[in-house]
Amino acid sequence: MPRIAIILGRLAMGGATLHAIEQALHLQRQGHTVYFIAAPKQAHETDASHLLPSLPGLEIFSIAGFGRNLHVIDHYRTYRALKKLLGRLRPQLVHTHTPVAGIAGRMAAAALHLPAVHTFHGLLFEGYYPW
């Protein structure tokens, strides 16, 4: 069965996280090897790591740097860390979620000639609805 990397910005409670976790669990139940890659939650967020059970065929990796900021150097470091990890894992598909994970993850996948898809969840850098 294919190896699939799911890349998510942060493992914090929210719609994108719940969607990515459901996807990972469904794929794992279908017999796929799933690599779930996310940064830890930020201080003001609610942790969602308890929703990812320890299951065979589901490997969880943590990468720092998926913050809600527009700091190019931070994002470049995240890209390099993802490229290194994806190069080691060699998934057959990379599926990204959230803006920073989407950009860095798809760039890393492209550099390694790995197919990638992205699920758009919104562009939220500061809070949820600033108006």
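Me: How many aromatic pairs does the structure hold?

Reply: The structure holds two aromatic pairs. Rings of Phe, Tyr and Trp (its six-membered ring) pair if their centres lie within 6.5 Å; planes under 30 degrees apart count as stacked, over 60 as edge-to-face and the rest as tilted. This is a predicted model, in which local features need pLDDT of at least 70 and side-chain atom pairs count only at pLDDT 80 or more, while totals for chains, interfaces and linings use all residues. Residues are numbered from 1 along each chain as its sequence is written, and side-chain values use heavy atoms, with hydrogens and water left out.

Me: What describes a pair of aromatic rings?

Reply: A pair of aromatic rings is described by the distance of the centres and the angle of the planes. For Tyr 35 and Phe 61 the centres are 6.1 Å apart and the planes stand at 65°, so this pair is edge-to-face. The pair links distant parts of the chain, since Tyr 35 belongs to strand β2 and Phe 61 to strand β3, 26 residues apart. Strands (E, at least two residues) and helices (H or I, at least four residues) are DSSP runs, numbered from the N terminus. For Tyr 76 and Tyr 79 the ring centres are 6.0 Å apart and the planes at 35°, so that pair is tilted. Both Tyr 76 and Tyr 79 lie in helix α2, three residues apart, about one turn of the helix.

Me: Which of these residues are buried, Tyr 35 and Phe 61, and is Tyr 79 buried or exposed?

Reply: Buried means under 20% relative accessible area, exposed over 50%, and partly exposed in between (1.4 Å probe, protein chains only). Tyr 35 and Phe 61 are both buried. Tyr 79 is buried at a relative accessible area of 15%, whereas Tyr 76, at 46%, counts as partly exposed.

Me: What order do the five strands of the open sheet have?

Reply: Two strands pair if DSSP finds at least two bridges between them. Here the order is β3-β2-β1-β4-β5, with parallel pairing. The edge strands, β3 (58-62) and β5 (116-119), each pair on one side only. Strands β1 (residues 3-10) and β2 (residues 33-39) run parallel and are joined by seven bridges. Within them, Arg 3 stands opposite Thr 33.

Me: With which residues is Gln 23 in contact, leaving aside its neighbours within four places in sequence?

Reply: Contact means heavy atoms within 4.5 Å. Gln 23, in helix α1, is in contact with Ile 6, His 95 and His 97, apart from those neighbours. Gln 23 is buried, with a relative accessible area of 17%.
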